[in-house]
Amino acid sequence: MSLIIYIALGILYYLPALVANGSAPFVKNGTPIDFKRNFIDGRRILGDGKSFEGLLVALTFGTTVGVILSKFLGIEWIIVSFVESFFAMIGDMIGAFIKRRLGLERGARALGLDQLDFVLGATLGLFLAKIQVNIYEFLSIVIIAFVLHILTNNIAYRLKIKSVPW
Ligand SMILES: CC(C)=CCC/C(C)=C/CC/C(C)=C/CC/C(C)=C/COC[C@@H](COP(=O)(O)O)OC/C=C(\C)CC/C=C(\C)CC/C=C(\C)CCC=C(C)C
Ligand SMILES: Nc1ccn([C@@H]2O[C@H](COP(=O)(O)OP(=O)(O)OP(=O)(O)O)[C@@H](O)[C@H]2O)c(=O)n1
Ligand SMILES: [Mg+2]
């Protein structure tokens, strides 16, 4: 299959996760998922950047994309998009957990981790939802999400949706 098809399929399969991750920043001061508790190293488990409200908004928007996709890809994509969005946000939380363990403050830049944590989570979600993503589709979305993440975070910063441009 040509590269363009792999790229298009990559974007299509990961669209729920892209929109889920892209919509969470609309929540500013949500209820911290770690309830402001610290880990054994004395630092926050996740930090104030991971809230229940952000998770809810992400799941809502991600699943809404799945409802639209289900018209073309089949009704199962409503569930697939929910699972994919959920695991994308789990990946985002694991990224935050790692950043806290490294002593990085909430909102600090972690090039690579910030861009790919939710993509890796979404990939696990797609696998669990029995969606076969081949290596070319995966590599396409890794590159696209990396570029899109940097671009959209810059837009979000200029639009005052985010307090940092990354
Ligand atoms: C409208 C609502 C509530 C949700 C949609 C948000 C969304 C999909 C934004 C897309 C681009 C945009 C309009 C940005 C404006 C500012 C904004 C909302 C930025 C989002 O926050 C930035 C960042 C937060 O990430 P972090 O929490 O991990 O730091 O979100 C990252 C977002 C992405 C990685 C992907 C953005 C999603 C899309 C562009 C969805 C549609 C994608 C396509 C159509 C693919 C097009 C690609 C090519 C190469 C043609
Ligand atoms: N589960 C989530 C994920 C994101 N957000 C919101 O979206 C913003 C951007 O998300 P992200 O860049 O992932 O968080 P950071 O602020 O960078 O925090 P961290 O360093 O922990 O990634 C967060 O600040 C927070 O306001 C949220 O409320 N709940
Ligand atoms: Mg971030």
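What is the volume of the largest pocket? The largest pocket has a volume of about 1,100 Å³. Here a volume is the space filled by probe spheres set on grid points, with points joined across faces, edges and corners. This is a predicted model, so local features need pLDDT of at least 70 and side-chain atom pairs count only at pLDDT 80 or more, while totals for chains, interfaces and linings use all residues. Residues are numbered from 1 along each chain as its sequence is written, chains are lettered from A and ligands numbered from 1 in the order written, and side-chain values use heavy atoms, leaving out hydrogens and water.

**Pocket**

- A pocket is an open set of points on a 1 Å grid over the protein atoms alone, where a 1.4 Å probe fits, with protein on both sides within 12 Å along at least five of seven lines.
- Lining residues have an atom within 4 Å of a point.
- The largest pocket is lined by 43 residues. Nearest its centre lie Asn21, Ala24, Pro25, Asn153 and Lys162.
- Two or more lining residues come from each of H1, helix H2 (52-73), helix H3 (77-101), H4 and H5. Helices are DSSP runs (H or I, at least four residues), numbered from the N terminus.
- By class, the lining has 20 nonpolar, 13 polar and ten charged residues. Ala, Val, Leu, Ile, Met, Phe, Trp, Tyr, Cys and Pro count as nonpolar; Asp, Glu, Lys and Arg count as charged; the others, Gly among them, count as polar.
- The largest pocket is the space taken by ligand 1. A molecule sits in a pocket if more than half of its atoms lie within 2 Å of its grid points.

**Ligand 1**

- The shell around ligand 1 holds 20 residues (a heavy atom within 4 Å). Asn21, Gly22, His149, Asn153 and Lys162 are the closest.
- Helix H1 (3-23), helix H4 (113-128) and helix H5 (135-158) each supply at least two shell residues. H1 gives the most, with seven.
- The shell has twelve nonpolar, six polar and two charged residues.
- Polar contacts are pairs of N or O atoms within 3.5 Å. Oxygen atoms of ligand 1 lie 2.7 Å from a side-chain N or O atom of Lys162, 3.0 Å from a polar side-chain atom of Asn21 and 3.4 Å from a side-chain N or O atom of Asn153.
- Taken alone, ligand 1 exposes 1,100 Å², and the protein buries 67% of that (Shrake-Rupley method, 1.4 Å probe).

**Ligand 2**

- Ligand 2 has 18 residues around it. Val27, Lys50, Arg100, Arg106 and Gly107 come nearest.
- An oxygen atom of ligand 2 is 2.8 Å from a polar backbone atom of Val27. A backbone N or O atom of Pro25 lies 3.5 Å from a ligand 2 oxygen.
- The side chain of Asp92 places an N or O atom 3.3 Å from an oxygen atom of ligand 2.
- Taken alone, ligand 2 exposes 570 Å², of which the protein buries 91%.
- H2 and H3 are the elements that give two or more residues to this shell. H3 provides the largest share, five residues.
- The ligand 2 shell has six nonpolar, four polar and eight charged residues.

Terms used: Polar contact = N/O pair within 3.5 Å; in protein donor to acceptor, adjacent residues only side chain to side chain.
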